[in-house]
Amino acid sequence: NSSSDSIIFSLRMPVFGNGKKKSDEYNCKIFTLDAELHFTIEATTKGSTIFSLVCQTIGLREYWYFGLKFIDKTSRELNWLQLNRTIISESIEISSNSNPLKTLDLHNTTDNFNPHLLRSPPTSVSTLSLPSATNNSSRQCSKVTIELYLAVKLYPEDITYELIQDITRRLFYLQVKQDILNMNIYCPPDTAAHLASLSLQAKFGDYEQIESSLESVNLENEALLPLTCFQKIELSRSDWFARIIALWRTHALLTREEAEMSYLKHAQDLDMFGLSFFEISKMQGAQRSASQQKQTMKSTEQQQEQLDQPTIAPELWLGIDSLGIRFYKKNKLRPEVFFSWCDVKSVTAHDKKVILNLTTDKHATFAFYARKSSVSKEILDLALGNHELYMRRRQEQSIEIQQMRYFEEQQQKEKMRLLAQERKLRLQAEKQRDEIESKCIDYQQQMKEVHETLLKYQEATELLARKAHVNSEEARLQAARALEIEAQLERCKYEISRNEEEKRLYARQIHECEQVISTLVNDSIKTRKEADELKLEVSKWRVAEAAAREKLLSITQHNQSVAISNATTHTQHNLASSSTRPTTVSPPPYRPIKKTQESNSTDERAHFLEKQHKQTQLALQLQDLKNVIQSKKIEEQQTSLDKAYEESVAIGDNKYSTIQKARSGTTLRRMAMLQDL
């Protein structure tokens with residue numbers, strides 16, 4: 001049923017004998033908790049045939065835990081389908097194809113059960129046909145529809161050990177989740193938040209992966225908490241969601257199967273888990289005479305319908321589960337009297353009367369009345385089914401169970417091996433990713449240093465270029481000044497020829513000018529040398545800058561080639577590991593571990609420490625949530641079950657201690673206590 005496409009099944013089976021008239025055909029819809037199956041059946045098809053087809057379609061082999069329910073057309077309540085009876089003999093609500101909304105209205109008017117409430121959309125639609133001899137269009141148009149619901153009927157004692165198949169565990173998980181959300185099982189708010197976080201882990205996986213991906217989870221669209229959590233606790237929806245997400249983070253690395261099994265393991269500790277409750281009344285007055293009983297046996301259908309109406313005021317609650325029968329007086333959390341199935345000899349039912357016979361004494365019987373005769377039959381049916389499973393658990397397992405358990409163990413081993421291999425590959429990939437990231441960081445640091453060095457080279461080159469330009473300008477100015485002085489010298493020589501007296505004076509000036517000229521010439525030569533040296537230095541800096549640019553380009557190309565080679569190697573390794581993955585459930589051949597033994601032990605130790613750390617975080621968050629709920633609860637909205645639960649927690653009681661108290665004393669003493677209730 002994992003495929004979203006429609007699956008067409010065709011089954012031919014002889015429904016009628018030779019020479020008999022064919023019965024009418026019905027469109028039968030079977031609603032499981034995560035799928036919807038369509039069958040075409042005959043009116044005389046038995047319930048066992050339909051139940052077998054449903055189990056074969058979904059691959060369910062642990063069929064003894066389940067049953068089919070239907071909506072009674074008179075009482076509008078859900079009853080269990082009798083597998084040894086035909087469909088036409090049951091009082092099933094039948095709807096026409098021309099009015100498909102009729103069943104939806106009926107679901108809304110049913111108080112005891114709403115099959116569409118909080119149910120996930122079907123993952124597949126399966127169609128199975130039991131064809132008749134005539135297949136004309138007129139008969140196809142005249143088909144009517146009946147609806148049946150696959151539900152858990154009997155519960156195991158230890159749900160974590162007894163459930164074998166994945167499909168069984170999945171259906172139990174969905175059933176228990178729906179019962180908790182529909183408030184058929186009382187669940188404290190803190191436990192409800194914890195279970196909601198496990199359901200999110202089972203549906204979406206790790207929160208970190210959802211957070212890192214582009215997908216987003218809208219918790220408003222998810223059925224997480226019972227409605228009473230929002231009514232009794234003064235916390236906003238956003239506060240509840242924040243608490244649930246914080247708990248969700250602690251379930252990282254849990255697979256869907258592990259999260260669902262953890263959900264069932266915690267839900268199993270709830271007081272009302274696995275219990276079927278019935279309102280009963282103790283027998284009043286003497287028993288009816290034999291003639292009255294005979295007259296009742298010969299009553300007509302109309303009288304039987306009148307007898308089926310509830311006329312007895314309920315005094316007690318009867319609870320039936322895998323451990324035994326419980327009787328409640330004040331609330332459904334604390335049983336007053338408990339009888340294990342080993343204490344029960346037999347249970348008989350007639351009309352509304354049910355008689356409980358114990359094993360200690362033939363006179364140790366307790367008679368009570370159910371609300372209706374159909375309820376007494378359901379009590380008898382559940383008692384027989386639970387007693388049979390109770391005795392079967394204490395016997396040697398059958399070959400079928402042993403084969404199923406062995407096959408599932410092999411599958412689990414294979415899954416764990418593949419999971420460990422995937423986890424190892426993921427750790428290796430994460431390690432390679434960290435190494436690549438560290439190398440990238442080193443490369444980035446080197447590139448940053450080279451870039452800074454390059455900037456320094458550019459700044460020094462620009463500074464030297466400006467200095468060389470200044471020196472060249474100074475040399476040009478000095479050369480111009482030398483020309484001016486030479487011109488003055490020529491004028492002086494001309495003046496010397498005119499006047500001898502002035503000649504001596506000019507001689508001195510000439511000498512001074514010559515000294516100045518020689519000094520300026522020397523300075524000009526020195527300046528030109530410095531300018532040439534600066535130009536040489538500038539050329540050297542430009543060569544260094546070009547070398548730095550080439551080094552930066554080579555580092556960048558090397559970084560890209562390393563990243564591409566690592567990605568190609570990692571992809572080829574994943575493809576090789578996926579292509580060599582075994583398809584059978586047999587374990588791989590043993591290979592001795594030599595070098596990797598120490599690393600595996602280190603990984604296991606780290607995994608164990610991480611698990612302990614998560615459990616510690618979970619315990620702290622749950623304790624904090626309990627404190628917040630205790631401070632934010634609305635006293636006016638607290639029910640009798642809430643008060644009874646708080647009283648049990650205050651005195652240190654739980655589900656199992658209350659059972660022990662209700663079972664204390666001899667069977668006769670408990671019978672006397674039951675008579676006095």
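**A colleague's notes on this predicted model**

1. Let's start with the overall picture. Of the 677 residues in the chain, 37% are buried. Keep in mind that you are looking at a predicted model. Its secondary structure comes to 19 helices and 15 strands. If you take the contacts between residues at least 6 apart in sequence, 73% of them join residues at least 24 apart.

2. The chain has a mean pLDDT of 79, with 78% of residues at 70 or more. Helix α5 (residues 166–181) has the highest confidence, at 95, while helix α2 (residues 102–109) has the lowest, at a mean of 36. Residues 1–22 also have a pLDDT below 50, and the model gives this stretch 37 contacts beyond near neighbours in sequence. Residues 578–596 stay under 50 as well.

3. Now have a look at α1. The helix has 12 residues, and at 1.5 Å a residue it should span 16 Å; the C-alpha atoms at its ends are 17 Å apart, so the two values agree. Which residues of α1 are buried? They are G47, I50, F51, L53, V54, C55, T57 and I58. Just after the helix comes G59, whose phi is positive, at about 75 degrees.

4. Stay in that part of the chain and find E62, in the loop between α1 (47–58) and β4 (66–71). E62 is buried, yet it has no salt bridge. Leaving out residues up to four places away in sequence, E62 touches E162, L163, I164, Q165, T168 and M404.

5. On to the charged pairs that do meet. Side chains of opposite charge can pair when their charged atoms come close. How many salt bridges does a search of the whole structure find? The count is 30. One of them joins the side chains of D642 and K232, at 2.6 Å from N to O. D642 sits in helix α17 (residues 640–650) and K232 in helix α8 (residues 227–232), so this pair ties together parts that are 410 residues apart in sequence. Both D642 and K232 are buried.

6. Two further pairs are worth a click. R326 and D321 form a salt bridge at 2.4 Å, N to O. R326 counts as buried because its relative accessibility is 2%, and D321 is buried too, with a relative accessible area of 4%. The other pair is R417 and E414, at 2.9 Å, N to O. Both of these residues lie in helix α14 (residues 399–498), three residues apart, or about one turn of the helix.

7. D166, R169, R170, R256, E257 and E260 are joined in a network of salt bridges.

8. Q402 has a relative accessibility of 34%, so it counts as partly exposed. Setting aside neighbours within four places in sequence, Q402 is in contact with E396 and Q397.

9. Finally, some backbone angles. Most residues other than glycine have a negative phi. Which way does phi go at M183, positive or negative? M183 is not a glycine, but its phi is positive, near 65 degrees. You'll find M183 in the loop between α5 and α6 (189–204), and it counts as partly exposed because its relative accessibility is 42%. D351 isn't a glycine either, and has a positive phi of about 55 degrees. Its place is in the loop between β13 (344–350) and β14 (353–358).

Technical notes. Residues are numbered from 1 along each chain as its sequence is written. This is a predicted model: local features need pLDDT of at least 70, side-chain atom pairs count only at pLDDT 80 or more; totals for chains, interfaces and linings use all residues. Side-chain values use heavy atoms; hydrogens and water are left out. Helices (H or I, at least four residues) and strands (E, at least two) are DSSP runs, numbered from the N terminus. Buried means under 20% relative accessible area, exposed over 50%, partly exposed in between (1.4 Å probe, protein chains only). Lys and Arg count as positive and Asp and Glu as negative; His and the chain ends are not counted. A salt bridge is a side-chain nitrogen of Lys or Arg within 4 Å of a carboxyl oxygen of Asp or Glu. Contact means heavy atoms within 4.5 Å. The expected span of a helix is 1.5 Å times one less than its number of residues. pLDDT is the predictor's confidence in each residue, from 0 to 100.
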